[in-house]
Amino acid sequence: MSETRYTVAIVVDPDFGERLRAVVARLPAWIVYTEANRRIAEQIWAEGGATDHTQPGGLTTIRVDPTKSREEWCAGILWSVAGHHDAYSHNPGYSAIEVFGAEPTPALTQALAEYKLTELRPFPGGFTASTVGGVLADSPNYPLLPCTDDGGNERPPGPSPGHQ
């Protein structure tokens, strides 16, 4: 498989602020909805960020339970990210995420592994989680969609061959 990776950012730092601009310039991003993050997100949207949430400049805010940890927020956001950035939404589907504001705890590492995101590389303030060899990460959409090819023959779950 190609090493070209489609990467999505997950920001769980409740006070990420202006740093979001540099992230969104490179990657589509999901950021926890807090007062500080809402303000910067609204500024970015007003400045004409991407209208396609799957492209750099795409920015999605997501509400989280303030009584949970950042790592729990990240684990809870994974399902939504996977469902919106898989091969049915983007070509290629996502195979890596950059997490800002959390550590790869055992529970979060286990949650990431459920999406095949098992290669972890730390960076200051977060980490990257990616699949081995750039294969597509799992998605909640794959087992839900019909698993037949164009001729009605059964095929394994996953993106349709040649999906654009």
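Let's start with Arg5: with a relative accessible area of 23%, Arg5 is partly exposed. On the scale used here, buried means under 20% relative accessible area, exposed means over 50%, and partly exposed lies in between, with a 1.4 Å probe and protein chains only.

A word on the source. This is a predicted model, where local features need pLDDT of at least 70, side-chain atom pairs count only at pLDDT 80 or more, and totals for chains, interfaces and linings use all residues. Residues are numbered from 1 along each chain as its sequence is written, and side-chain values use heavy atoms, with hydrogens and water left out.

Back to Arg5. Which residue forms a salt bridge with Arg5? Glu119 does, and the closest N and O atoms are 4.0 Å apart. A salt bridge here is a side-chain nitrogen of Lys or Arg within 4 Å of a carboxyl oxygen of Asp or Glu. Arg5 sits in the segment before strand S1 (7-11) and Glu119 in strand S5 (residues 119-123), so the pair ties together parts 114 residues apart in sequence. Strands are DSSP runs of E, at least two residues; helices are runs of H or I, at least four; both are numbered from the N terminus. Glu119 is partly exposed too, with a relative accessible area of 30%.

How many salt bridges does a search of the whole structure find? The count is 10.

Next, helix H2, residues 35-46. Glu35 and Arg38 both lie in this helix, three residues apart, about one turn. They form a salt bridge, with the closest N and O atoms 2.2 Å apart. Is Arg38 buried or exposed? Arg38 counts as buried, at 17% relative accessibility. Glu35 is partly exposed, at 45%. There is a network of salt bridges here, linking Glu35, Arg38, Arg39 and Glu42.

Arg21 counts as partly exposed, at 27% relative accessibility.

Last, the helix pair. Helix H3 (residues 70-84) packs with helix H4 (residues 106-113) at an angle of about 10 degrees, and their axes are 9 Å apart. Axes are lines fitted to C-alpha atoms, for helices over the stretch in contact, and angles run from 0 to 180 degrees between N-to-C directions. H3 and H4 are therefore roughly parallel to each other, a label for angles under 35 degrees.

Technical notes. Parallel < 35°, antiparallel > 145°, perpendicular 65-115°, else oblique.
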